[in-house]
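Dear colleague,

I am handing over the structure below, and my notes on it follow.

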Amino acid sequence: MTPSPVTTQHWTVDVAGRPVELPIVAIKPDFAISLMMVIDLGVSFLDHAGKALAERLKPLRPDVIVGPATLGIPVAIEVSRALGLDQYVVLQKSPKIHLADALVEPITSITSKGEQRLLLDRRAVPLLAGKRAVVVDDVVASGSSLKGAIALARAAGAEVVGAGVVLTEAHEWRAVLGADAALVTGLGHIPQFAPDANGRFAPIAGT
């Protein structure tokens, strides 16, 4: 029995001591994820997540925080604020007019169709060159976005000393990041889901 792509199921995850109920969303009839949209969780959640991540990243002594669009941007802002940093660097995904000469890394995403790109405005390179950088994002799942962000920061001359995410999802990202997986700090973890014998989504063992 296969569940409907539209599900009323939820998964509760602990985010640094704060329980958050996430909807389970079917990506395919036999595969689902618990979807976190940080921009829908309110200012207090972003403040909580930013402060909690900042506390864990502070020992790395970052000079600058890097966040990929779109959902990594509010995370980058809140972590920067909590660390007392004013400047942060955004990696865009859409080819805006001022990014014609951007540094580019191709990426893929579990929640988006087709290949995408991360773009770093060359005018932001001085913010990264020779600096201790930490890349942050909302969720790491496939690892492609985080890998691309790390590569762009390094291409700009930064020393990437860490990566912070609100949630890690399953474990595919570890193989994609390779040795850089050791850089990742998360506030919580979510599994991936497949239908059980009753047609309801249940966590996939080992995720």
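Phe193 counts as buried, at 0% relative accessibility (buried means under 20% relative accessible area, exposed over 50% and partly exposed in between, with a 1.4 Å probe and protein chains only). The model is predicted, so local features need pLDDT of at least 70 and side-chain atom pairs count only at pLDDT 80 or more, while totals for chains, interfaces and linings use all residues. Residues are numbered from 1 along each chain as its sequence is written, and side-chain values use heavy atoms, with hydrogens and water left out.

Because Trp11 lies in strand β1 (residues 10-15) and Phe193 in strand β11 (residues 192-195), the pair ties together parts that are 182 residues apart in sequence (strands are DSSP runs of E with at least two residues, numbered from the N terminus). Trp11 is partly exposed, with a relative accessible area of 27%.

Both strands belong to an open sheet of five, ordered β1-β2-β3-β11-β12 with antiparallel pairing (two strands pair if DSSP finds at least two bridges between them). At its edges stand β1 and β12 (201-203), each with a single partner strand, so one side of each is left without a neighbour in the sheet. Three bridges join β11 to β12, and the bridge partner of Phe193 in β12 is Pro203.

Best regards

Conventions. Helix = DSSP H or I, 4+ residues; strand = E, 2+ residues; numbered from the N terminus.
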